Amino acid sequence: MKRVAIIGGGFSGHMVAVNMARLCQSPVKITVINKGTPPGRGAAYSTRQPEHLLNVVARNMSAFPDHPRHFVQWLETRSEFADTPIEQLREAFIPRRTYGDYLRSIAHPYLCPVDSRFPAAIEPIIAEAVNVTTAESGGTVVLSDDQQIHADKIVLALGNHPPAQLPGAASLATHPAYHANPWVPWITQLPENRHTAITIGTGLTAVDTILTLLEIGWKGNILAVSRNGLLPQSHFKGFNYPDFPPEDPQALGLKDLKAALRKHCDILKQRGANPTIVVDKLRPHTQTIWRRFSLEEKQAFCKNEASQWNVRRHRIAPQVHDRITDAIHREQLKIIKGTVAQLAKAGSRITVSLQDQNSLMGDVVINCTGPKTRFSTIQAPLIQNLLAGGLAHPDEMDMGLKVTDDLAVIDAAGNRSNLLFAIGPLLRGTLWESIAVPELRGQALRIAQTILDELTPAPYRHEPWPSHQEEAVMEYMI
């Protein structure tokens, strides 16, 4: 029997497994190796906090690109939504823990031995993969307990990595007031003295952290510090604006793209319309635009434009935005623009020194700066072993792995791997847009189909890979 090992059980790895299981007609064993959380949830959907909502409305959150209404239809089976009109349900921002339930539920039929009804079986393993070795046929995933899993194909679905270490944070490793990873259970470790909480970062992770502090009744101040001092914007109802993008936007270089964006933002502002619609209108073309940028253009965009792009592109539910805005108006939450120069112990508290020589004092400090993006410096054993062994190579931006058009990994010699595939944030340097469900569900289906094509001599239920996803993306925007 053929075997596929998937390293990572968040959305990406989970959906590669589900797509393989639902499409194949020859026996395949699919082993999903995940550390810490049950497959399907990952960091995003393992939250138990009801205030953590999806950042996208329900109608655009189907896990299957070929079944766009799947998630909404699943929601209709839930008793808590029995009295919600379908149009309202379609536009709802659902709790992320509920979405985790959805992802888990669609895998359950395949969590069984291979039989005539389901020729594929998904086998979840809670473990840490630390290395991959190759053989004449397939390869082996080595786990931290020295267990070895042979597989004919291996999918790297590693998700986002913890934030980069802040200056001085090494001395705070055991300090009870400092939390280097916002996705560990810091709520249970809050100090009795709750005068000031500080989040380093003002993006989506910081918003989650601030919401949770408000929800548990934090009575003190909350300070959110970042280099740009910008919070994510609120989602809004889309509207028709046919004047943008220009014809053949993929041919635009960075200079012309910036000029076109400025021009149309000014027009929209003059009309009293939300200029952020231009970011949405580019969504079907963003990956191609990025791939056609020169290396210098990509570097310039990341240095000068990315922060502004991200606050407009990665928006939050209106009710979440209202809650954050209310905390600002009540002066409980303060947004501070500044760069952290040093963290230091101050007894039971922590001093956050900024480069402008101002300093803040916190009873709890949480690193919400987002995933580390310099790929080659990530100290995870699996990544370091893959790079050291030459089985994989960083992309030109050092934001992830170098891959082919069909998402096979390219090794250090520049050859397409016959063993390894990559998905999700590992492709960010190649595609830029590679962290949201509309992109990830397409990648998952594509990898599943490619592996089945290469592994199974018998035909399988081949679902068409959408060569043009513009209609689906446009629905996502509106």
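Visitor: Which residues line the second largest cavity?
Guide: Welcome! This is a predicted model, where local features need pLDDT of at least 70 and side-chain atom pairs count only at pLDDT 80 or more, while totals for chains, interfaces and linings use all residues. Residues are numbered from 1 along each chain as its sequence is written, and side-chain values use heavy atoms, with hydrogens and water left out. A cavity is a set of points on a 1 Å grid over the protein atoms alone where a 1.4 Å probe fits but cannot get out, and lining residues have an atom within 4 Å of a point; here they are W309, N310, R313, H314, R428, W432, E433 and I435.

Visitor: How much space lies in the second largest cavity?
Guide: The structure holds two cavities of 30 Å³ or more. A volume is the space filled by probe spheres set on the points, which are joined across faces, edges and corners. For the second largest cavity, this comes to about 40 Å³.

Visitor: Which helix gives the most to the lining of the second largest cavity?
Guide: By class, the lining has three nonpolar residues (Ala, Val, Leu, Ile, Met, Phe, Trp, Tyr, Cys and Pro), three charged ones (Asp, Glu, Lys and Arg) and two polar ones (the others, Gly among them). Helices are DSSP runs of H or I with at least four residues, and strands are runs of E with at least two, numbered from the N terminus. With three residues, the most comes from helix 11 (residues 306-313).

Visitor: Is helix 1 roughly parallel or roughly perpendicular to helix 5?
Guide: Helix 1 (residues 11-23) and helix 5 (residues 96-107) have axes 10 Å apart, at an angle of about 25°. Axes are lines fitted to C-alpha atoms over the stretch in contact, and angles run from 0 to 180 degrees between N-to-C directions. Angles under 35 degrees count as roughly parallel, over 145 as roughly antiparallel, 65 to 115 as roughly perpendicular and the rest as oblique. Helix 1 and helix 5 are therefore roughly parallel.

Visitor: Which residues in helix 5 meet helix 1?
Guide: Contact means heavy atoms within 4.5 Å. From helix 1 come F11, H14, M15 and V18, and they meet these residues of helix 5: Y99, L103, R104, I106 and A107.

Visitor: Is the crossing of helix 1 and helix 15 left-handed or right-handed?
Guide: The axes of helix 1 and helix 15 (residues 437-455) come within 8 Å and cross at roughly 45°, which makes helix 1 oblique to helix 15. A crossing is left-handed if the near helix is turned anticlockwise from the far one by less than a right angle, and right-handed if clockwise. For helix 1 and helix 15, the crossing is right-handed.

Visitor: At roughly what angle do the axes of helix 6 and helix 12 cross?
Guide: Helix 6 (residues 204-215) and helix 12 (residues 318-329) are another pair, and their axes come within 11 Å. Their crossing is left-handed, and the two helices are roughly perpendicular to each other. The angle is roughly 70°.

Visitor: Which peptide bond is cis?
Guide: Most peptide bonds are trans. P245, in the loop between strand 10 (221-226) and helix 7 (254-270), belongs to a cis bond with omega near 5°. That bond runs from F244 to P245.

Visitor: What is phi of D146 near?
Guide: Most residues other than glycine have a negative phi. D146 sits in the loop between strand 5 (139-143) and strand 6 (148-151). Its phi is positive, in a residue other than glycine, and is near 75°.

Definitions and conventions:
1 Å grid on protein atoms, 1.4 Å probe; cavity = no way out; pocket = protein on both sides within 12 Å on 5 of 7 lines; lining within 4 Å.
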